[in-house]
Amino acid sequence: MSKKVFVSGCYDLLHSGHVEFFKQASQYGDLYVGIGSDATYLEYKHRKPMFPQEERLFMVKSIRYVKDAYINEGSGVIDFLSTLDLVQPDVFVVNAEGGSEEKRSLCAARGIEYVELQRTPAEGLQARSSTSLKQALSSMQSSATGEKAEDSPVYPSGPIPTRLDLAGTWIDQPYVSQYHPGWAITISLEPTFEVRDRCGLSTSTRKVIQKIWPYKLPKMDPEMLARLVFCFENNPERENGHISGAQDAIGICIPGLCRHYYDNNFWPHKVEYTSDEMTLRFLEQHLVLVPMEPRKPGCSVVEGKDITTEKVAALAHAADACWKAIIDKDLEAFAAAYQASFNAQIAMFPGMVTPVYHGNEEQDNSYIRATIERYSQLPDVLAWKMPGAGGGGYLALVVKDSNSFAAENENVINLHIRRE
């Protein structure tokens with residue numbers, strides 16, 4: 001009797017990469033497919049799918065490698081539980097980009113074999129992905145505006161940069177820096193990967209920018225640009241009254257490596273940055289991202305916070321040491337300061353790693369600690385942190401060599417720092 005194999009996804013922009021994935025998955029047995037509903041797509045992507053669920057179901061069912069397909073009835077990233085109960089598969093297959101510790105643990109608990117496949121094109125065909133199709137669509141949009149291709153580089157998530165905070169995060173909020181002043185350190189990243197929502201990489205600020213400049217940042221003084229974005233995002237008439245930290249706007253708008261000094265104000269007193277090529281290469285050689293599940297709805301990382309002068313001082317001192325280590329290109333010192341900064345963050349905000357969920361109290365956050373434990377024990381990993389406010393999203397690792405680490409470990413994302 002043939003084994004049952006299960007895969008799940010949205011399959012909105014159906015392409016040859018999906019078909020090849022179905023073909024490879026079907027080699028493990030009869031293939032059953034769970035398809036994300038329109039409601040789940042809207043919740044996760046914050047936009048409607050191009051094709052409604054009935055049409056996507058029809059297309060997937062028509063592929064000869066698929067035994068049967070269903071619309072998943074759940075919500076969020078793990079929306080397929082009821083479909084899993086219906087199919088009762090022997091094998092759960094994901095592509096490398098779609099793998100996660102949460103899915104791995106789910107399969108282990110249910111006695112299902114968990115298989116991750118590398119994304120490979122069919123023989124003789126060009127590699128395809130939904131990301132590459134979005135890239136092509138973005139390129140067409142740029143052409144429609146009359147921009148030259150060389151003036152409008154196209155990336156999977158659009159040409160608007162994102163940012164990664166390296167040290168000192170939270171000190172850009174006055175309720176933290178009032179205890180002790182200090183620097184926050186960020187790098188501006190080219191979006192050469194899919195920048196997912198609710199994952200600590202300033203997607204809310206990027207969306208604000210895209211309302212003004214949909215395709216690329218304007219050519220102007222980067223610090224002034226960051227001020228404009230910060231003011232636009234923090235409209236004084238916002239109903240929730242929350243002020244987004246300035247490190248998001250600064251980290252996106254100012255290229256290269258940047259540090260900004262906060263002392264009981266929302267905007268920093270000083271901003272310093274460098275695009276020194278050897279410094280940026282040092283960071284690219286030793287930093288990678290590992291995807292995790294996004295922050296779940298109702299997630300709170302600030303409950304249980306414990307902010308003291310001593311703890312904020314530890315955060316500030318770690319950022320000072322981190323900047324010096326980067327400038328000196330001292331990997332051992334960089335890793336130590338990077339880890340010290342994250343330890344200072346979670347000492348003040350333990351919810352970064354163990355978030356509280358409102359309206360969904362049964363939500364399990366153990367996958368965060370499991371993912372940290374899994375990667376922190378690898379011999380090539382020297383330090384780790386969660387970007388932004390934590391609660392899910394990514395692990396940002398300091399490693400001995402980013403290229404070799406990515407080659408040896410699935411799902412790892414290499415980073416490209418924006419030069420200008």
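Start by selecting E101, which is buried, with a relative accessible area of 14% (buried means under 20% relative accessible area, exposed over 50%, partly exposed in between, with a 1.4 Å probe and protein chains only). Before going further, note that this is a predicted model, where local features need pLDDT of at least 70, side-chain atom pairs count only at pLDDT 80 or more, and totals for chains, interfaces and linings use all residues. Residues are numbered from 1 along each chain as its sequence is written, and side-chain values use heavy atoms, with hydrogens and water left out.

R374 and E101 form a salt bridge, with their closest N and O atoms 3.2 Å apart (a salt bridge is a side-chain nitrogen of Lys or Arg within 4 Å of a carboxyl oxygen of Asp or Glu). R374 sits in helix α14 (residues 366-376) and E101 in helix α5, so this pair ties together parts that are 273 residues apart in sequence. (Helices, H or I with at least four residues, and strands, E with at least two, are DSSP runs numbered from the N terminus.) R374 is partly exposed, at 34% relative accessibility. Bring in R104 and E116 too: along with E101 and R374, they are linked in a network of salt bridges.

Next, go to R110, whose side chain meets that of D85 in a salt bridge (2.6 Å, N to O). R110 is in helix α5 (residues 101-110) and D85 in helix α4 (residues 81-87), 25 residues apart. R110 is partly exposed at 37% relative accessible area, and D85 is partly exposed at 44%.

Then pick R56 and D38. Their side chains make a salt bridge too, at 2.7 Å from N to O. R56 belongs to helix α3 (residues 53-61) and D38 to helix α2 (residues 38-45), so the pair joins parts 18 residues apart in sequence. R56 is buried, at 0% relative accessible area, while D38 is partly exposed at 24%.

How many salt bridges does a search of the whole structure find? The count is 17.

Last stop: D79, in the loop between β3 (66-71) and α4. D79 is buried yet has no salt bridge, and the nearest side chain of opposite charge, K103, is 7.7 Å away (Lys and Arg count as positive, Asp and Glu as negative; His and the chain ends are not counted). Show everything in contact with D79 (heavy atoms within 4.5 Å), and, leaving aside neighbours within four places in sequence, you'll find residues including S8, T40 and N72.
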